[in-house]
Amino acid sequence: MYRDEGVVLRTTPLAEADRIITVLTRRGGRVRAVAKGVRKTSSRFGSRLEPGTYVDLMMHSGRSLDTVTQADIISPYGTTIALDYGRHTAAAVMLETAERLTSEERQPALRLFLLLVGGLRTLAAGQRPAPLVLDAFLLRSLAVSGYGMALDDCARCGEPGQHLSLSVAGGGVVCPQCRPHGAASVSAGAVRLLTDLLRGDWDGALVSDVRARREAGGIVAAYLQWHLERGLRALPHLERA
């Protein structure tokens with residue numbers, strides 16, 4: 001038996017009344033566990049194990065899957081977020097990204113866990129635009145996973161300065177001398193917004209205009225999918241009004 005807290009990333013039906021839950025835990029990384037009987041109306045903790053819920057879990061270790069024996073809600077972020085479609089779709093992308101970035105089970109990923117909890121908390125509060133919250137989470141989670149986007153210096157030669165060409169495959173902005181075939185031209189406003197989001201400068205990010213936000217969102221989505229090596233199921237449903 002062990003205890004840990006985590007965020008439910010995904011649930012999968014199992015048999016007639018059970019579910020397999022995928023959880024990003026604080027200490028143990030990504031864990032899959034069986035929650036028995038949660039699909040029954042009489043279940044003691046079925047509603048506590050929905051995606052986006054921050055829970056305190058008691059689990060029993062198993063050979064391939066653990067078993068949930070107790071679940072208590074710490075914060076029902078998923079329930080609050082589900083009331084707004086824009087925030088709901090942003091949260092779905094965050095949860096799927098967190099699962100994909102933890103490619104191996106039971107490998108501690110504390111920084112990613114903290115970013116996910118913080119991102120869901122901010123979405124649930126509803127005080128900042130959901131697309132900006134999502135892009136900030138994606139940029140930072142990629143960075144802590146080893147895929148940080150270069151935004152200040154050239155990603156290839158390290159030349160400092162403001163560069164307005166970006167190579168997704170190359171890892172970020174590139175100078176004119178290093179610009180590869182296929183690199184995209186980007187606006188100064190989009191680069192500035194990406195930098196603010198990566199650094200957590202919300203004062204700067206919130207004064208950005210709609211054009212810069214849309215451009216930055218497209219860059220983040222392309223960069224994310226390049227490094228994950230395949231598309232996200234939730235991304236086509238994302239609302240970026």
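**Close-up 1. Tyr77, a buried residue of the predicted model**. In this predicted model, Tyr77 has a relative accessible area of 10% and is therefore counted as buried, the cut-off being under 20%. Tyr77 belongs to helix H1, which spans residues 77-81.

**Close-up 2. The stacked pair of Tyr54 and Tyr77**. Of aromatic pairs, the structure holds two, and in the one formed by Tyr54 and Tyr77 the ring centres are 6.4 Å apart, with 15 degrees between the planes, so that the pair counts as stacked, for which the planes must be under 30 degrees apart. The pair joins distant parts of the chain, since Tyr54 lies in strand S4 (residues 54-60) and Tyr77 in helix H1, 23 residues apart. Tyr54 is likewise counted as buried, at 8% relative accessibility.

**Close-up 3. The edge-to-face pair of Tyr54 and Phe113**. Here the centre-to-centre distance is 6.0 Å and the planes of Tyr54 and Phe113 make an angle of 65 degrees, which means that the pair counts as edge-to-face, the cut-off being over 60 degrees. Phe113 is buried, and its relative accessible area is 0%.

**Close-up 4. The aromatic cluster**. Tyr54, Tyr77 and Phe113 together form one aromatic cluster, in which Tyr54 is paired with Tyr77 in a stacked arrangement and with Phe113 in an edge-to-face arrangement.

Methods. Residues are numbered from 1 along each chain as its sequence is written. This is a predicted model: local features need pLDDT of at least 70, side-chain atom pairs count only at pLDDT 80 or more; totals for chains, interfaces and linings use all residues. Side-chain values use heavy atoms; hydrogens and water are left out. Rings of Phe, Tyr and Trp (its six-membered ring) pair if their centres lie within 6.5 Å; planes under 30 degrees apart count as stacked, over 60 as edge-to-face and the rest as tilted. Helices (H or I, at least four residues) and strands (E, at least two) are DSSP runs, numbered from the N terminus. Buried means under 20% relative accessible area, exposed over 50%, partly exposed in between (1.4 Å probe, protein chains only).
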